[in-house]
Amino acid sequence: MKKILLGLGLSLVLLAGCGHKKTETNSNAADKKEISNNLPIIDNAKQQEVITRTLVFPKDERGNQQSQTVTYQGEHFKRLVIERLTATDNEMKEAIKQMGLEEAQKSLNESLEQDADYVQARGLQGFSGSVTILNENELKMTSTYDFESLDIEKAAAMPYFQNLKLKEMIKLTPEEYINNLLMNGAEEQK
């Protein structure tokens, strides 16, 4: 009888031990299921996050430099700001010397208002542009594209935007666009 009770006791201990391990395995499986069920929530949060990244190209042989700030949400562009720092030409340098920086800026703005393509582009909702004389040697040209209000079809038809190829650009995801910039020599600013 003692042997039977001892055998039953050992059996219960072994069964209790096996049962505990099985519960632990089920617990791990439940945790994994909960994590995998939460992945869509994490993915959805990533899709809702608005990200801004700035990429800067090195100066070229003439001292010109371009930076692009890309703002996006998921796979959709929200905004693109292109800034170009360029060297002033001799004519501009002479104008700055004669008129001063402020008057030269006014004269530049007036001449831009005479450029029909530039005026047409600036009239397009979702686009803004400016040219600023920083100093005697440098100009800063800024173009801002707000993709939430910019009519891509209309912009693509305008001569001012021909080199930008907006239609082709928005076929890419923002990540693909940024990777193309990186492959072409840009470095990301942190």
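**Notebook: the sheet and its strands**

I looked up the sheet in this predicted model and found six strands in an open arrangement, ordered S4-S5-S3-S2-S1-S6, with antiparallel pairing. I then asked which strands stand at the edges. They are S4 and S6 (187–189); each has a single partner strand, so one side of each is left without a neighbour in the sheet.

Strands of a sheet pair through backbone hydrogen bonds, either parallel or antiparallel.

Next I examined the pair S1 and S2. Strand S1 covers residues 50–56 and strand S2 residues 65–73; they run antiparallel and are joined by seven bridges. Within this pair, I located isoleucine 51 opposite tyrosine 72 in S2. I then looked for what packs on the sheet. Helix H7 (residues 174–183) does so, touching S1, S2, S3 and S6. The direction of H7 makes about 160 degrees with that of S2.

I turned to strand S5 (residues 138–146) and its pairing with S3 (residues 76–87). Nine bridges join these two antiparallel strands. Here I found glutamate 83 opposite threonine 142 in S5.

How many bridges does S5 share with S4? I found eight, again in the antiparallel sense, with S4 spanning residues 127–135. S4 and S5 form a hairpin, and two residues lie between them. In this pair, asparagine 135 stands opposite glutamate 138 in S5.

Key
Residues are numbered from 1 along each chain as its sequence is written. This is a predicted model: local features need pLDDT of at least 70, side-chain atom pairs count only at pLDDT 80 or more; totals for chains, interfaces and linings use all residues. Side-chain values use heavy atoms; hydrogens and water are left out. Two strands pair if DSSP finds at least two bridges between them. Helices (H or I, at least four residues) and strands (E, at least two) are DSSP runs, numbered from the N terminus. Contact means heavy atoms within 4.5 Å. Axes are lines fitted to C-alpha atoms, for helices over the stretch in contact, and angles run from 0 to 180 degrees between N-to-C directions.
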